[in-house]
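Hi there,

Here is the structure I promised to pass on.

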Amino acid sequence: MVSFTKRCTFKVEDDMRKITSSDLLVYDVELSEFINRKMNVLKFQKEIEPLTIGEIEEISTTIKQANIEDISERELHNTAIQNRNIKREDMKFTCVICNKNVTQKVAAFCESNKKFQGKIYCFEHQKLLSK
């Protein structure tokens, strides 16, 4: 299951539009209702104990905390979606501070390193940030 905010617009190919949203995709405002509905169906079908309200709220809180609210991170996400047909080896990577070109290997290192928070830095700025 994937939850999105109401602000998003799904941009999928025509054959993907056949997916029923009630099973895979829900909006954040529908999340608690969706979980409750699924738990009631499971309880009826398998006679299992449903999640408590506290457990459902904990799941919802965990999902909300994982939401990326940082505007620059969202812009990176949108750019990645727009460029999804561009091969990574054809992309140009630059340092977010000095705009210096960096190699694909350097970009991959930065993106995989948690301390850089998904941003790309040239070698000199990596050193400065590591101090």
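The notes below go from the whole chain to a few individual residues.

First, the ground rules. This is a predicted model, in which local features need pLDDT of at least 70, side-chain atom pairs count only at pLDDT 80 or more, and totals for chains, interfaces and linings use all residues. Residues are numbered from 1 along each chain as its sequence is written, and side-chain values use heavy atoms, with hydrogens and water left out.

**Overall picture**

The protein chain has five helices and four strands (DSSP runs numbered from the N terminus: H or I of at least four residues for helices, E of at least two for strands). Read from the N terminus, their order is β-β-α-α-α-β-β-α-α. Of its 131 residues, 15% count as buried; buried means under 20% relative accessible area, exposed means over 50%, and partly exposed is in between, with a 1.4 Å probe and protein chains only. The accessible surface of the protein chain is about 10700 Å², and carbon and sulfur atoms hold 54% of that (Shrake-Rupley method, 1.4 Å probe; for residues, only the protein chains shown count as cover). Among contacts with a separation of 6 or more, 31% join residues 24 or more positions apart, where contact means heavy atoms within 4.5 Å.

**Helix α1**

Helix α1 covers residues 31-46, and its 16 residues should span 22 Å at 1.5 Å a residue; the end C-alpha atoms are 22 Å apart, which agrees. The expected span is 1.5 Å times one less than the number of residues. L31, F34, I35 and M39 of α1 are buried. They cover an arc of only 130° around the axis, so they sit on the same side of α1 (the arc is that of the directions from the helix axis to the C-beta atoms). E33, N40 and F44 are exposed on the other side of α1.

**The core and its cysteines**

Which residues form the largest nonpolar core? There are nine: F93, C95, V102, A107, C110, F116, I120, Y121 and C122. Such a core is a set of buried Ala, Val, Leu, Ile, Met, Phe, Trp, Tyr and Cys residues joined through side-chain atoms within 4.5 Å. Beyond four places in sequence, Y121 touches several residues, including C95, V102, C110 and F116.

C110 is in no disulfide either, the nearest cysteine sulfur being that of C95, 8.0 Å away. C110 is buried at 0% relative accessible area, while C98 is partly exposed at 38%.

H125, in helix α5 (residues 123-130), touches C95, I97 and C98, leaving out residues up to four places away in sequence. With 16% relative accessibility, H125 counts as buried.

- F109 lies in helix α4 (residues 104-112) and is partly exposed at 41%. Outside four places in sequence, F109 contacts F116 and Q126.
- E73 belongs to helix α3 (residues 71-82) and is partly exposed at 23%. Apart from neighbours within four places, E73 contacts I68 and Q117.

How values were computed. Disulfide = S-S within 2.5 Å.
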